[in-house]
Amino acid sequence: MPPARQPDQSAPRTVSPTGVGYEGPKDGRDPRGQAGDTLTTPNGVRIPDSDHSLKAGPRGPVLLEDFHLREKIMHFDHERIPERVVHARGAGAHGVFTANGAAAKVTRAAVLAEKGLQTPVFVRFSTVLGSRGSADTVRDTRGFATKFYTKEGTWDLVGNNIPVFFIQDAIKFPDIIHAGKPHPDREIPQAQSAHDTFWDFVTLHTEATHHTIWNMSDRGIPRSYRTMDGFGVHTFRLVNEKRQTVLVKFHWKPKLGVHSLTWEEAQIAAGVDPDFHRRDLYDAIENGAFPEWDLGIQILPDTPDEAFEGIDLLDPTKIVPEESAPVQVIGTLVLNANPTNFFAETEQVAFHTGHLVPGIEGTNDPLLQGRNFSYLDTQLTRLGGPNFTQIPINRPHAPVNDNTRDGFHQQAVHTGQAPYTPNSVDDGVPFPANWADGAYVNVPRHVEGDVVRAAPASFDDHFSQPALFYKSLTSVEQQHVIDAYTFELGKCYEQGIKERALTVLARIDERLCAEVAAGLGLPVPKRIKPEKPRPESPALRQIRPTPFPIQGRIVGVVAGPGADLDGIAALRKALEAEGALLRVIAAHGGQLVKGRKVEIVERTFATGRSIEFDAIVVADGAPKDGDFRALVMLQEAFRHLKAVGAWGDGVDVLRAGGIDPGAPGVITGRKSNAKLAGAVVAALGLHRAWDRTPLVRASMVPPTV
Ligand code: HDD
């Protein structure tokens, strides 16, 4: 490539530990600290007093010549930018993606292909429907958007934690979002799909059935951003050095496994800790439990019909079962740094499905093509003009020499006289690049057809894959789906919508339909045969018998005034060896002291709630009957199928809470020793004591089916 004559427009990028933002202090102090010691105006004028406006005498009036007052208030008045029209609520982190070289045969994109190449990334996770201040744990799809700052330009993989989408054509996106957002008159409910307009839409547009059943499954209420899958959703086309192409589906697979909240936990968290997922991500990274995902691809032949085993690959409401096309791991993502400034990074990051690099192309999926317009367009309103790629978090790490000029918020001082090509005034530079230079050259593809507003006939299959999904789940997961539909439809007011929803469920599975109908107190629709699903796909289950790593998991230890502090320390040591944390919960803040041993109380019965902990253990030395707030915590944890336990006379507290020490997932011992710690670690790895389910549900009155 010819050398760029003008300075690299990305040059003003200042490098803080997280890669963006103002440089922190240079004199060895905390790099996240303030940039300087002295208070100034935006123009750098030093200020003696920022607490009093300039007045004619202490009792006023305020003088117009107070430029500091005017600048300060003017800036404050304009601190807000519009929130994202969807995915407004989110949290982000910096990290690194390392390719393992396995993709070299299918793509020329170095970010994916070059073995060992490390590419900086920024990831933003989000909910879809809620406003910026809404709760994290609502039932919703989660966004999983990754910006790869590659040497060949920025590549954005803007995906979700659900592999399919509600609609097949982008022209319907405003409609599904209007239906999901709060009702226009009262602006309620916030961040929920449990209302009439959502269910009206998805039952009238049955292409939404597949995405909807994923939302009603445990995928709709993830335990953590760290324990979610991610999917590129659309089929993409990869191009290798020989200009050969394959079609692929992208998958992010979390090293910690896919885990979810229970519905009750999600509801409690939304009230007790609306920042549950944001806090979890931030704390895990601060504690060095860096979240990791493998990136995998399903490689599918690029045939003229763009289909695989009868599945139309241009239809974003369809998956390709992993049993038919295995996911091949091509690299690993590690998130290892929190943002320094939420607004500058997480709020201003601008993803775009059209941010592609050589070797990665889109397909004719009509949903993807509409997105390619939308993501660019939305930034004009949100980020105030066309120069948003100059905002630090959006700046490419590749040289930029693009001949664009001017516009709002222009940061670059462009040199050169001829911002057009070809030119002779600037000696012809910048010159267009070619394939050998690493240019983005689209693979030629033949296109023909009548101009029509229509979809292919294959897009009409709306039920076979929802049926496949439901059939593939474990019985525990199926029950959660039944409960979720019953809850959501139970929150609707319109009888006709509920009845229509039952006719949709009847096409998926007879029992699902019958159970939800019973829960709603409505008759089962007649004469509708469920779709015949493909063979089961066990890969769709998230409850697995194999344990997962427990990094970042939190065990709460309930400690009375006479607690066995040695035992607590021993349990902590064992948990920390696995990357998990222990937090002491007691009746008051401060410390617990026994002889020379001291334990800091990190949660009290007043500030703590069961949802914060993945397991709760009562230490020996507890008051026999416990504190009722501790009992509530233990009962909730038990109901949510979490490991609960006790050692010594802590077992009496379990009994006082009505918890049978012999029940599944209840861990007891005489002492806090290696055996007890091992049992806690093993239980955390399985996430929940699923075999406790019948015991917990036994106390619920079942609807008569
Ligand atoms: Fe979208 C944001 C994911 C369909 C229009 N979308 C947005 C974000 C994610 C997705 C993760 C948040 C990015 C961030 O963190 O800043 N969207 C998807 C997926 C889709 C999808 C996986 C289907 C497969 N989206 C979709 C369609 C359209 C949009 C069909 C419009 C035609 N999406 C937007 C948007 C947003 C957005 C309005 C809001 C803020 C933004 O883009 O930057 O343009």
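Student: Which cysteine sulfur is closest to the sulfur of Cys 492?
Tutor: Two sulfurs count as a disulfide within 2.5 Å. The closest sulfur to that of Cys 492 is 15 Å away, too far for a bond. That sulfur is in Cys 513.

Student: What kind of model is this?
Tutor: Residues are numbered from 1 along each chain as its sequence is written, and side-chain values use heavy atoms, with hydrogens and water left out. Local features need pLDDT of at least 70, side-chain atom pairs count only at pLDDT 80 or more, and totals for chains, interfaces and linings use all residues, since this is a predicted model.

Student: How many disulfides does a search of the whole structure find?
Tutor: A disulfide is a covalent bond between the sulfur atoms of two cysteines. Seen from Cys 513, the closest cysteine sulfur is in Cys 492, too far for a bond at 15 Å. The number of disulfides found is 0.

Student: At what angle do H5 and H10 pack?
Tutor: Two packed helices are described by the angle between their axes and the distance between the axes. Helices (H or I, at least four residues) and strands (E, at least two) are DSSP runs, numbered from the N terminus. Axes are lines fitted to C-alpha atoms, for helices over the stretch in contact, and angles run from 0 to 180 degrees between N-to-C directions. The axes of H5 (residues 209-216) and H10 (residues 464-472) are 8 Å apart, and the angle is about 20 degrees.

Student: Are H5 and H10 roughly parallel or roughly antiparallel to each other?
Tutor: Under 35 degrees counts as roughly parallel, over 145 as roughly antiparallel, 65 to 115 as roughly perpendicular, and the rest as oblique. H5 and H10 pack at about 20 degrees. H5 and H10 are therefore roughly parallel.

Student: How many charged residues does the contact of H5 with H10 have?
Tutor: Contact means heavy atoms within 4.5 Å. H5 brings Thr 209, His 210, Ile 213 and Trp 214, while H10 brings Gln 465, Pro 466, Phe 469 and Tyr 470. Ala, Val, Leu, Ile, Met, Phe, Trp, Tyr, Cys and Pro count as nonpolar, Asp, Glu, Lys and Arg as charged, and the others, Gly among them, as polar. The contact has 5 nonpolar and 3 polar residues, and the charged count is none.

Student: Is H11 parallel or oblique to H13?
Tutor: H11 (residues 475-490) and H13 (residues 510-520) have axes 9 Å apart. Their angle is about 40 degrees. That makes the arrangement of H11 to H13 oblique.

Student: Is the crossing of H11 and H13 left-handed or right-handed?
Tutor: Handedness asks how the near helix is turned from the far one, by less than a right angle: anticlockwise is left-handed, clockwise is right-handed. For H11 passing H13, the crossing is right-handed.

Student: Where is Ile 543, and which tryptophan does Ile 543 touch?
Tutor: Ile 543 is in the loop between H13 and strand E13 (554-558). At 15% relative accessible area, Ile 543 is buried. The C-alpha atom of Ile 543 is 7.8 Å from that of Glu 477, 66 residues apart along the chain. Leaving out residues up to four places away in sequence, Ile 543 touches Thr 474, Val 476, Glu 477 and Trp 690.

Student: What is the phi of Val 233?
Tutor: Val 233 sits in the loop between strand E5 (230-231) and strand E6 (236-239). At 7% relative accessibility, Val 233 counts as buried. Val 233 is not a glycine, yet phi is positive, near 65 degrees.

Student: Is Asp 406 buried or exposed?
Tutor: Asp 406 is in the loop between H9 and H10. Asp 406 also has a positive phi, about 60 degrees, without being a glycine. Its relative accessible area is 55%, so Asp 406 is exposed.

Student: Which residue does a cis peptide bond join to Val 429?
Tutor: Omega of this bond is about 0 degrees. The partner is Pro 430.

Methods:
Buried < 20%, exposed > 50% of the residue type's maximum accessible area, 1.4 Å probe, protein only.
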